[in-house]
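Subject: Structure handover and what was found in it

Dear colleague,

Here is the structure I promised to pass on to you.

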Amino acid sequence: MTFKLLAPVALAALAVSGCVTPVGPVEVTRFHTPDISALGKGAIAVEPAPGTDGKSLEWQSYQAAVQRQLALLGYAEAPAGQGAQVAELRLSRGTYQPERSGGGPVSVGVGGSTGSYGSGLGVGIGLNLSPRPAQQVQTELGVIIKDRASAQALWEGRASFAVSVKSPLADTALGAPKMAEALFKGFPGNSGETIEVK
């Protein structure tokens, strides 16, 4: 009797847990010059890196998120083309289909044996009934902070993030602030170190 009452509850909980999409961490790598005294102060403009389309709405969402983080670090916002420093921003986003774990959907095994009671041959077929993994959105954000006058790179950071297309964080409006915050966490960071920010 108890099992009959608990079974529907357990199935409902399982169904709800299947709808929750796990969120992977943001992988961040930073590099900087030995002298970091010029970082985190003065006026800075966030501009498209060479070869980057800075007119897309998606890029502008990331620009606003990066500008917000720079302001929290102590920078003053400058218009494009102005400011003692420039933050060159590049962005790439794409989708990919992960492979199903455990190989292909069908596997075939053949076995044979001989012995005192005769010989035998067996064939086994295995079906992988696991669901096909959801498509993933891969986003890569890169920022290089340069001294505008000399064009010397003072700091460089790269962030990479992959989530299911079904995740709310696949949406730029939510993903951009998360990535920008992860990229500048603990700024300027240890040069050459890769960290995972959850």
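In this predicted model, R30 stands opposite G157 in β8. The two strands concerned are β1, which covers residues 26–32, and β8, which covers residues 153–164, and they pair in the antiparallel sense over six bridges. Helix α3, made of residues 172–183, packs on the sheet, where it touches β1, β4 (85–96), β7 (136–147), β8 and β9, and its direction makes about 135 degrees with that of β8.

The sheet as a whole is open and has seven strands, in the order β3-β2-β4-β7-β8-β1-β9, with mixed pairing. At its edges stand β3 (76–77) and β9 (194–197), and because each has a single partner strand, one side of each is left without a neighbour in the sheet. Further in, β2 and β4 pair in the parallel sense over five bridges, and there the bridge partner of A45 is V86 in β4. By contrast, β4 and β7 run antiparallel and are joined by 12 bridges, with L89 having V143 in β7 as its bridge partner.

Turning to the charged side chains, side chains of opposite charge can pair when their charged atoms come close. The count of salt bridges in the model comes to five, and I describe some of them here.

In one of them, the side chains of R148 and E47 meet at 2.9 Å, N to O. R148 lies in the loop between β7 and β8, whereas E47 belongs to strand β2 (residues 43–48), so this pair ties together parts that are 101 residues apart in sequence.

As for the aromatic rings, a search of the whole structure finds three aromatic pairs. One of them is formed by W155 and F187, a tilted pair with 5.2 Å from centre to centre and 55 degrees between the planes. W155 lies in strand β8 and F187 in the loop between α3 and β9, so the pair ties together parts that are 32 residues apart in sequence. W155 counts as buried at 1% relative accessibility, and F187 is buried as well, with a relative accessible area of 17%. The rings of F184 and F187 have their centres 5.9 Å apart, and because their planes stand at 50 degrees, this pair too is tilted. F184 is buried, as is F187, and ring pairs link W155, F184 and F187 into a cluster.

Two points of backbone geometry may deserve a look while you have the model open. Which form does the peptide bond from F187 to P188 take? This bond is cis, with omega near 5 degrees, and P188 is found in the loop between α3 and β9. The other point concerns A151, whose phi is near 65 degrees, a positive value in a residue other than glycine. A151 is found in the loop between β7 and β8, and with a relative accessible area of 48% A151 is partly exposed.

Conventions:
Residues are numbered from 1 along each chain as its sequence is written. This is a predicted model: local features need pLDDT of at least 70, side-chain atom pairs count only at pLDDT 80 or more; totals for chains, interfaces and linings use all residues. Side-chain values use heavy atoms; hydrogens and water are left out. Two strands pair if DSSP finds at least two bridges between them. Helices (H or I, at least four residues) and strands (E, at least two) are DSSP runs, numbered from the N terminus. Contact means heavy atoms within 4.5 Å. Axes are lines fitted to C-alpha atoms, for helices over the stretch in contact, and angles run from 0 to 180 degrees between N-to-C directions. A salt bridge is a side-chain nitrogen of Lys or Arg within 4 Å of a carboxyl oxygen of Asp or Glu. Rings of Phe, Tyr and Trp (its six-membered ring) pair if their centres lie within 6.5 Å; planes under 30 degrees apart count as stacked, over 60 as edge-to-face and the rest as tilted. Buried means under 20% relative accessible area, exposed over 50%, partly exposed in between (1.4 Å probe, protein chains only).
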